Amino acid sequence: MKYKSVLCTAPFVSVVITPERALRPCCKYSGDLGDLSKQTITEILASDVVKDLQKDMYDNKWPDRAGPVGNCEECRLAEKIHSRSIRTAYIPGGTSYFNDWRNGKIRIIEISSSNICNLSCAGCSTRFSSGWLKYAKVIEKNTDTEFYRDIIHESPIINPNNDLLIKNLSELDLTHLNRVNIKGGEPLMNTDMLVALRYFDEINILHKLEIHMDTSGAVIIDKTINETIALLCKAKRIIFGLSVDGPDEVTTYIRYSPKNMASLDNIRNFISVFEKNNITFMVSPTIMVYNIFSLDRLVEWWLYDITPSFNHLDLDIYLFNFLIGPDYLSLQALQPATISRLIDHYNNIVETKEYGHWFSHLPDALENIEYSGNKLHNQMVKYTLDMDKIKGQSIYKSIPELTNEMCYL
């Protein structure tokens, strides 16, 4: 193949193991490359499906094998809002770009092999959270709820399969592996996490790896915690992406559990358990209709409460994760007048607050938000009110800034 300007290098260097035991090139890709319960991982990587996808990347062509929306639509939509997406991480200048990508060596593996989770977060579904299942079962089945029932679905609980994971890992040439992303479900409730760390240690590559773990921090520490910490400390670097979405009343609304497992106090306790020098803790909210009003208060908590308490740790903030789907919780569901007020609010933050640089990109990103119309807005209202009823929450109490949006248009 003649090399031009590659669209994305993920299909050459990255594999993702999904909860359904399928293989994908990245976490945002829509569609499967193969079924690990029917094919070996090496068979999938050598298949025409993968070769055709790689050819699209060489040809700078956005693949469209997932129907009219395309396999990579989530990255394309993210790039309309701001300059960052998973795709841009895999091109020159990105954090996941490798100069030798053409040799086809696996550099990044993502393990999302179970949907076991103790939260039922807004915007998530039974595909990634077993905690959603009891709520999915009580949603009224009618045409008014179909738009979100189809997304939440009723996927069964998918338990880890340690033997299958090791079988797949052992078939790969991991001599060039740089990074392992462990997601979920909740990765610290997935025994595949510990099994993978043990395996990487056994084949003597753990010390070369960066381990990235996306966690709510809302976990009950079990008897394996000491072994987990010991193995993590052997890695080159550990990054915990903490899914904290706002001040306490906001994050516990979004990251829902009946016992408020996602409270900021629990997050603090979580950090103290994993308080090791090679671990970076990055607060990484999913920016959506519920928390866009209070990101500054989240940053203030992180900078002025957590940072002084753990000033010996490497702490970071990531404010580029804009929710794309489900679209009824995306910023496109908010009316233009609300977006305009938010632009003014964050411009003021940038100009007047000492931490304003963290938000320097946000006003421009908000300028790029296009209102998707009253239908999507009304779906946001319907979903929110229905979930409040099912879960016993109150949007008006937790996020009063959204009150003016909570009416059908």
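**Packing inside the model**

Reply: Leaving aside residues up to four places away in sequence, phenylalanine 200 touches Leu169, Leu174, Leu177, Val180, Ile205, Leu206 and Leu209, where contact means heavy atoms within 4.5 Å. This is a predicted model, in which local features need pLDDT of at least 70 and side-chain atom pairs count only at pLDDT 80 or more, while totals for chains, interfaces and linings use all residues. Residues are numbered from 1 along each chain as its sequence is written, and side-chain values use heavy atoms, with hydrogens and water left out.

Phe200 is also among the residues with the most contacts inside the largest nonpolar core, alongside Ile211, Phe281 and Tyr290; that core has 124 residues. A nonpolar core here is a set of buried Ala, Val, Leu, Ile, Met, Phe, Trp, Tyr and Cys residues joined through side-chain atoms within 4.5 Å, and buried means under 20% relative accessible area (1.4 Å probe, protein chains only). A second, separate core of six residues includes Cys117, Cys121, Met261 and Ala262.

Ala262 turns up again beside threonine 251, which also touches Ser243, Val244, Asp245, Gly246 and Leu264, not counting residues up to four places away in sequence. Thr251 sits in helix H11 (residues 248-254); helices are DSSP runs of H or I with at least four residues, numbered from the N terminus. Thr251 has a relative accessible area of 0%, so it counts as buried.

Leu264 leads on to a helix pair: together with Ile267, Arg268 and Ile271 of H12, Leu264 meets Trp301, Trp302, Asp305, Ile306 and Ser309 of H13.

How values were computed
Helices (H or I, at least four residues) and strands (E, at least two) are DSSP runs, numbered from the N terminus. Buried means under 20% relative accessible area, exposed over 50%, partly exposed in between (1.4 Å probe, protein chains only).
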